[in-house]
Amino acid sequence: SILRSAIAMMALGKDGGTDNKRYMELSVRQIERTCELFSSLQDLLAAKTASFDSEPIDIACLLSQTIEECSQTLQERGVGLTMDLSESTDTVYGDPQRTRRAIAGAIEVAAAVSSTGDVIKIDTSASEDVLEISVESTCRLDNGLKSSERLHLSLTRANILSQRGQYQFTEEPFRISL
């Protein structure tokens with residue numbers, strides 16, 4: 001509805017003044033938001049319906065690549081990141097794309113709820129047949145999660161559960177465990 005209104009206001013405008021520019025910027029933001037929403041919904045559907053191929057994953061390498069992909073968003077928000085890899089974090093078996101999407105989704109939600117100066121902490125711990133990746137933030141959720149953040153959490157959950165993994169989320173303190 002915001003996008004419809006902005007485009008309608010641009011259509012009514014006779015000059016290319018500041019109002020049209022403002023409505024154009026608003027439209028661009030809303031179109032981006034809509035594209036992200038549809039992309040998330042497509043990924044969620046794929047995670048729920050498509051089968052997965054289990055293969056060896058170098059989790060340290062996957063984490064490093066995923067963090068590199070998320071680094072610009074973190075820098076823009078002024079959010080720090082620390083990572084502590086377990087020494088026994090060699091190879092795990094799973095779907096590399098789904099695992100990467102789950103980790104990226106967890107980091108993205110943590111970044112979205114964090115404020116400038118907050119720190120996101122990524123830890124791994126391994127026991128017999130289980131590797132746990134946790135994403136924690138020093139943020140305080142005063143107003144809870146927005147619907148877009150909950151969608152990203154659902155996508156993260158679906159990507160992990162579709163591989164017979166486990167998922168846990170707590171709001172206070174903010175922690176996602178994969």
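This is a predicted model: local features need pLDDT of at least 70, side-chain atom pairs count only at pLDDT 80 or more; totals for chains, interfaces and linings use all residues.

Trainee: Which residues of the largest nonpolar core touch the most other members?

Mentor: The general idea is that nonpolar side chains in soluble globular proteins tend to be buried together. Here the largest nonpolar core holds 30 residues, and Ile103, Ile120, Ile122, Phe174 and Ile176 touch the most other members. Elements that each supply at least two residues of this core are H3, helix H4 (96-113), strand S4 (119-127), strand S5 (130-137) and helix H5 (147-161). The largest share, nine residues, comes from H4. A second, separate core of five residues includes Leu44, Leu151, Leu155 and Ala158.

Trainee: With which residues is Ile122 in contact, leaving aside its neighbours within four places in sequence?

Mentor: With that exclusion, the contacts of Ile122 are Leu63, Ile67, Leu81, Thr82, Met83, Asp84, Ile107, Ile133, Ser134 and Val135.

Trainee: Is Thr66 buried or exposed?

Mentor: Thr66 is buried because its relative accessible area of 0% falls under the 20% limit. This residue lies in helix H3 (residues 59-77). Beyond its neighbours within four places in sequence, Thr66 is in contact with Arg100, Ile103, Ala104 and Ile107.

Trainee: How many aromatic pairs are there, and how is the geometry read?

Mentor: One reads the distance between ring centres together with the angle between planes, and an angle over 60 degrees counts as edge-to-face. The count here is one aromatic pair. Phe169 and Phe174 form this pair, with 5.6 Å centre to centre and 75° between the planes, so the arrangement is edge-to-face. Phe174 is buried at 1% relative accessibility, whereas Phe169 is partly exposed at 23%.

Trainee: Which residues make the nonpolar surface patch?

Mentor: Leu37, Phe38 and Leu41 make a nonpolar surface patch of about 280 Å². Leu41 is found in helix H2 (residues 18-49). With a relative accessibility of 39%, Leu41 is partly exposed.

Trainee: Where is Asp129 placed, and is this residue buried or exposed?

Mentor: Asp129 sits in the loop between S4 and S5. Its relative accessible area is 77%, so Asp129 is exposed, the limit being over 50%. Asp129 and Val92 are 37 residues apart in sequence, and their C-alpha atoms are 9.1 Å apart in space.

Notes:
Residues are numbered from 1 along each chain as its sequence is written. Side-chain values use heavy atoms; hydrogens and water are left out. Rings of Phe, Tyr and Trp (its six-membered ring) pair if their centres lie within 6.5 Å; planes under 30 degrees apart count as stacked, over 60 as edge-to-face and the rest as tilted. Buried means under 20% relative accessible area, exposed over 50%, partly exposed in between (1.4 Å probe, protein chains only). Patches are made of residues with over 30% relative accessible area and no salt bridge: like charges are joined within 9 Å, nonpolar side chains (Val, Leu, Ile, Met, Phe, Trp, Tyr) within 5 Å. Accessible areas come from the Shrake-Rupley method with a 1.4 Å probe; for residues, only the protein chains shown count as cover. A salt bridge is a side-chain nitrogen of Lys or Arg within 4 Å of a carboxyl oxygen of Asp or Glu. Helices (H or I, at least four residues) and strands (E, at least two) are DSSP runs, numbered from the N terminus. Contact means heavy atoms within 4.5 Å. A nonpolar core is a set of buried Ala, Val, Leu, Ile, Met, Phe, Trp, Tyr and Cys residues joined through side-chain atoms within 4.5 Å.
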